[in-house]
Amino acid sequence: MSLTTRDAQVIWHPYTQMKNPLPHIPIVRGEGVYLFDEEGKKYIDAVSSWWVNIHGHAHPHIAARVAEQLNTLEHVIFAGFTHEPAVQLAERLLLLLPGDQSKVFYSDNGSTAVEVALKMCLQYWVNTGKITRKKVIAFKDAYHGDTFGAMSVSGRSIFTDPFNQLLFDVEFIDLPNAQNIEQLKSKINYLSNEVACFIFEPMVLGASGMLMYEAQYLDELLATCQKHGILTIADEVMTGFGRTGKYFSCEALSLKPDIFCLSKGLTGGTMPLGVTTCNIKIFEAFLSDDKLKTLYHGHSFTANPVACAASLASLDILLKPETLENIKRVESKHREFAEKIKGHPKLKAIRQAGTILVMEWETGNDTSYLCGLRDKLYLYFLEQGIVLRPLGNVLYILPPYVISNEDLEYIYRTILQALKDI
Ligand SMILES: *Cc1c(COP(=O)(O)O)cnc(C)c1O
């Protein structure tokens, strides 16, 4: 029996309607930007395997470091114990993050990194005796993950529909722009005494369709929040580790958030790991002789040493000058191609942030995530040996930074052909 057939008998896949799903492609091996299936067909992984892979598949430096760690210490409980990879990773992340981050709290994925951030903020106000401050502000189109807290602060959508009544109340605001910024600031001013925190994806909103907004307006929102002591959470789970052209998207801001959430590219896409960092102000609000002020949160695999080792190896690669050169190269290739297809009648919008290039297809009336165009595009590119996974009518390229110019040009050529064929 083929892997695909065996899979169909026992597996329930994520984000997949399991009634007559498209066949799941059996991948047996990865190397650089390529994935190879059972029959030896090669695919360019142009979405970095759900945005996690930044240095290419089966990277030898990460593989060696992971193997070494597996033979040294695979895991240890992280309450009451510590280990070198966790401490070293925290030291290195705090040096790299913008602003005044001073403590690292580990978990094991992006959603849990968000849950921890929300609990830090909500309990901050409980611990400091201002229990009326329990509202969260978030963007209407945000995506922060699939667990209940993370879903609550995400925009209401087809992803959250069956659960909407069980999600906690959030003050949703529009993405800021020149027209609405004053109105958004007034809203924050008005709510200020009730608000615990503001959570945002800095400059690029991933899952809701790679929407983008300008740093200067986020700075204005942050200034308004800081004026009222509202805590701010930058969810850099997708944007972190070079994706938008800088190590972190928040480097483009003049003000800095109180908390960062990191995951996805953290381990180079090798292993699951989540990180929530905070500044000393938040940390100190939990220091007390009163045991009730403790942050009672943790996961079995908190700070898994192998995942931390993968992250350290990924950071080694990220900080090499040639990685930054690759990021700049992908950025400028994208810019050239965007220039070339600007104004194409089948494209409603083209936008770019660093290594992310986005093409919103004209769909007439049906603009939903579920529109028929999505599967057509997905299958078209797979046929051509390219993994692109549109969000509805939003086609985007988000490749590992090591992708060659030849592979990028092949993707661009195939997109031009798709614009003719579809
Ligand atoms: C993917 C994502 C998450 C959730 O991360 P998971 O590891 O999938 O739970 C949270 N925030 C943002 C911005 C993301 O893109």
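In this predicted model, a polar side-chain atom of Asp235 is placed 2.7 Å from a nitrogen atom of the ligand, a polar contact being a pair of N or O atoms within 3.5 Å. A polar side-chain atom of Lys264 likewise lies 2.7 Å from an oxygen atom of the ligand, and an N or O atom in the side chain of Asn109 is found 3.3 Å from an oxygen atom of the ligand. Of the 380 Å² of accessible area that the ligand has on its own, the protein covers 83% (Shrake-Rupley method, 1.4 Å probe).

Local features were considered at pLDDT of at least 70 and side-chain atom pairs at pLDDT 80 or more, whereas totals for chains, interfaces and linings use all residues of this predicted model. Residues are numbered from 1 along each chain, and side-chain values use heavy atoms, with hydrogens and water left out.

The residues surrounding the ligand include Trp51, Tyr143, His144, Glu201 and Met238, where a residue counts if one of its heavy atoms lies within 4 Å. By class, this shell holds four nonpolar, five polar and three charged residues, with Asp, Glu, Lys and Arg counted as charged, Gly among the polar residues, and Trp, Tyr, Val and Met among the nonpolar ones.

Under "binding site", an unreviewed UniProt entry lists Gly110, Ser111, Asp235, His299 and Ser300, although such annotations may be inferred rather than shown by experiment. These positions span 191 residues in sequence, and their farthest two C-alpha atoms are 22.8 Å apart, so they do not all gather at one spot.

Notes. A polar contact is a pair of N or O atoms within 3.5 Å; within protein, one must be able to donate a hydrogen and the other to accept it, and residues adjacent in sequence count only if both atoms are side-chain atoms.
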